[in-house]
Amino acid sequence: MKKKVLLGYQFKREGFVALENDFDLIYPKNEYLNKEEAIALLGDMDAFVPSFRFKIDKDVIQSGKKLQIIANYGVGYDNIDVAFASSKGIVVANTPRSVLEPTAELCFGLMLDVARRITFYDNRIRTSEKPMLTLFEHLGVALYGKTLGIFGMGRIGQAVARRALASGMNIIYHNRKLL
């Protein structure tokens with residue numbers, strides 16, 4: 001008999017194909033599972049994979065009579081009552097590395113976009129009857145030689161810093177612990 005896994009979000013199914021032979025995957029009817037649906041469905045589930053925005057409190061955990069694991073789809077787990085889950089023998093897991101590099105890439109991409117005015121020029125070319133610009137109009141600024149301040153030098157902050165250093169930027173940061 002296959003273990004039952006309740007998914008708290010309409011995740012892209014192709015990402016779960018490899019699991020379908022070994023597990024019964026139950027998707028929510030709508031985009032996100034709500035609390036009432038979760039409580040109604042968790043009774044015979046072995047695992048729950050909520051999104052990071054789903055609040056998992058004592059009521060939700062209590063409804064999972066067979067629940068063995070809550071695998072949060074996200075970096076943190078502050079949306080889960082970990083102490084109560086642990087007291088019930090339920091393992092709580094998260095995905096701390098899955099968004100690390102994509103988040104750092106997006107952050108650095110947005111810095112480039114703002115500094116070099118990429119979105120501005122894209123919009124101008126697409127919407128203007130006169131898209132040509134004069135030679136020195138709206139130049140933007142180079143990131144090279146600039147100083148980037150990072151608050152919180154955790155994994156994501158360090159990944160952004162690596163990209164910034166590779167681009168010739170200076171780094172200053174604030175962190176609870178000196179790195």
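A residue is called buried when its relative accessible area is under 20%, exposed when that area is over 50%, and partly exposed in between, using a 1.4 Å probe and protein chains only. Good morning. The structure before you is a predicted model, in which local features need pLDDT of at least 70 and side-chain atom pairs count only at pLDDT 80 or more, while totals for chains, interfaces and linings use all residues. Residues are numbered from 1 along each chain as its sequence is written, and side-chain values use heavy atoms, with hydrogens and water left out.

I begin with S51. This serine is in the loop between β3 (47-49) and α2 (58-63); helices (H or I, at least four residues) and strands (E, at least two) are DSSP runs, numbered from the N terminus. S51 counts as buried because its relative accessibility is 5%. Which residues does S51 touch, not counting residues up to four places away in sequence? They are Y9, Y32, N72, Y73 and N79, where contact means heavy atoms within 4.5 Å.

Three of these names return in the next topic, the aromatic rings: Y9, Y32 and Y73 belong to a cluster linked by ring pairs, together with F11, F16 and Y27. Rings of Phe, Tyr and Trp (its six-membered ring) pair if their centres lie within 6.5 Å; planes under 30 degrees apart count as stacked, over 60 as edge-to-face and the rest as tilted. The whole structure holds seven aromatic pairs. One of them joins Y9 and F11, edge-to-face, at 5.2 Å centre to centre and 70° between the planes. Y9 is partly exposed at 22% relative accessible area, whereas F11 is buried at 6%. F120 and Y121 also form an edge-to-face pair, because their planes stand at 70°, with the centres 5.3 Å apart.

Charges meet rings as well. R53 lies over the face of Y32, 4.0 Å from the ring centre, and the charged end of R117 sits over the ring of F120, 4.2 Å from its centre. The criterion is NZ of Lys or CZ of Arg within 6 Å of the ring centre and within 35 degrees of the ring normal. F120 is partly exposed, at 27% relative accessibility.

Finally, I turn to two helices. The axes of α4 (residues 100-116) and α6 (residues 155-166) come within 9 Å and cross at roughly 50°. Axes are lines fitted to C-alpha atoms, for helices over the stretch in contact, with angles from 0 to 180 degrees between N-to-C directions. The two helices are therefore oblique to each other (under 35 degrees is roughly parallel, over 145 roughly antiparallel, 65 to 115 roughly perpendicular, and the rest oblique). Residues making this contact include L100 and F108 of α4 and R155 and A164 of α6.
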